[in-house]
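Subject: Structure handover, with notes on fold and pockets

Dear colleague,

I am passing on the structure below, together with some notes on what was found in it. Please read the notes with the sequence and the model side by side.

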Amino acid sequence: MNAVLISAEELRESTEKDLRLLDVRWQLGDPDGPQHYQNGHIPGAVFVDLDTELAALPSPAHGRHPLPDPSRLQKCARSWGLCTGDPVVVYDAIGGMSAARAWWLLRWAGIADVRILDGGLPAWTRSGGELATGVEPDPAPGDIELRPGRLPVIDADAVARWEGVLLDARAAERYRGEQEHVDPRAGHIPGAISAPSSENLDQDGCFLPENLLRERFGEIGEAPVAVYCGSGVTAAHAIAALAVVGVQAALYPGSWSQWAHDPKRPVATGVSAG
C-alpha cells in the first residue's frame with residue numbers, strides 16, 4: 001500500500017474500522033462543493049470546506065488560501081470526528097487537486113496516516129463503489145491533538161533567495177504569463193520551473209505510475225525542492241507526487257497570489273525560468 005495514495009479497490013476492501021473519509025470537493029470558480037457532496041459521496045464521508053476549514057481568510061498580503069490557524073484547524077478536525085491514531089483518506093472529483101490540500105495540511109499537522117484516494121470519486125464509482133446522498137449524521141466529536149510544523153514551509157523571502165529547485169505547479173499558460181484571470185500580475189517567480197500539477201495525472205485522473213513520476217521529476221537530483229501554485233492548493237498535489245517517489249518538497253503557502261500582490265517582487269514571463 002502506498003504511503004501517499006490508496007486505490008479505490010484498496011479502500012473498498014479496507015477493514016480499518018476507524019478509517020475517516022473526508023470529501024474535499026472544491027474547484028476554483030465552483031462554489032457548489034456542498035451540493036456536489038449531497039448529490040453523491042462515498043458513504044460515511046464528511047464534507048470539508050477548503051475555503052473556510054483548510055485556509056485562513058484571504059488577503060493581498062498573505063494570499064488567497066493562507067494556512068489556517070492551528071487551533072482553528074484542530075477544532076475543524078475534531079468536528080470531522082478525527083481521533084488520535086485514526087487513518088484518514090481524503091478525496092475529491094478532480095484527480096486529488098483539492099484533496100491534496102487536506103492531505104498536506106493534516107500531514108503538516110502531525111497526522112501520519114493520511115492518504116489521497118487515487119482517482120477520487122470517479123475511480124470509486126468505476127470500481128463499483130456505491131454512493132450516498134444527502135448529508136451524513138454529524139460524527140461524534142474527535143479528540144485529535146494536532147502538532148503543526150511536520151512538513152517544510154517557506155515564505156516569500158525564502159523563495160526570493162532559494163538556491164534549490166523551485167517548481168511552479170500552475171497551468172503552463174499562467175506560468176508563461178499568457179493568461180491571468182485571478183491575480184494582479186501575470187508570469188512566474190524568476191528562477192521557477194514550470195511543472196503543472198495536471199501532468200502528474202493520467203487520462204483517468206489517477207496519479208501516474210511511480211516509474212513515470214520518477215521520470216517526470218528525474219532531473220531534480222539532490223537539490224532542495226520548493227513548490228508554489230496560485231494559492232497553495234495545487235502545489236500540495238505536486239508535493240504529493242514528489243512524495244510518491246521519495247522526494248520531500250517545501251510548500252510556499254502564499255504562492256503566486258501573495259507574490260503578485262507585492263510590487264517589490266520581480267516577475268518573469270515566457271518559457272524561460274528567468
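What radius of gyration would a compact globule of 274 residues have, and what does the chain have? The globule would be near 19 Å and the chain has 18 Å, which agrees; the radius is taken over C-alpha atoms, and the globule rule is 2.2 Å times the number of residues to the power 0.38.

Before going further, please note that this is a predicted model, in which local features need pLDDT of at least 70 and side-chain atom pairs count only at pLDDT 80 or more, whereas totals for chains, interfaces and linings use all residues. Residues are numbered from 1 along each chain as its sequence is written, and side-chain values use heavy atoms, with hydrogens and water left out.

Overall fold

Of the 274 residues, 51% count as buried, where buried means under 20% relative accessible area, exposed over 50% and partly exposed in between, with a 1.4 Å probe and protein chains only. Of the contacts (heavy atoms within 4.5 Å) between residues at least 6 apart in sequence, 77% join residues at least 24 apart.

The unreviewed UniProt entry places the feature "domain: Rhodanese" at residues 15-133 and 165-268; its positions are given in the numbering used here, feature names are shortened, and annotations may be inferred rather than shown by experiment. Residues 15-133 are 32% helix and 12% strand, with end C-alpha atoms 23 Å apart, while residues 165-268 are 27% helix and 12% strand, with end C-alpha atoms 16 Å apart.

Pockets

A pocket here is an open set of points on a 1 Å grid over the protein atoms alone, where a 1.4 Å probe fits and protein lies on both sides within 12 Å along at least five of seven lines; lining residues have an atom within 4 Å of a point. The largest pocket holds about 470 Å³ of space, a volume being the space filled by probe spheres set on the points, which are joined across faces, edges and corners. Its lining counts 24 residues, with W26, L28, A171, R174 and T234 nearest the centre.

The second largest pocket holds about 190 Å³, and its lining includes V165, L167, R216 and F217. Two or more lining residues come from each of β6 (165-168), β7 (193-194) and α9 (210-216).

Local features

Helix α10 (residues 234-244) is mostly covered, with nine of its eleven residues buried, among them H237, I239 and L242; G246, which follows α10, has a positive phi near 85°.

S255 lies in helix α11 (residues 255-259) and has a positive phi of about 50° although it is not a glycine. S255 counts as buried because its relative accessibility is 0%, and, leaving aside neighbours within four places in sequence, S255 is in contact with Y228, C229, G230, S231 and G232.

Best regards

Conventions:
Helices (H or I, at least four residues) and strands (E, at least two) are DSSP runs, numbered from the N terminus.
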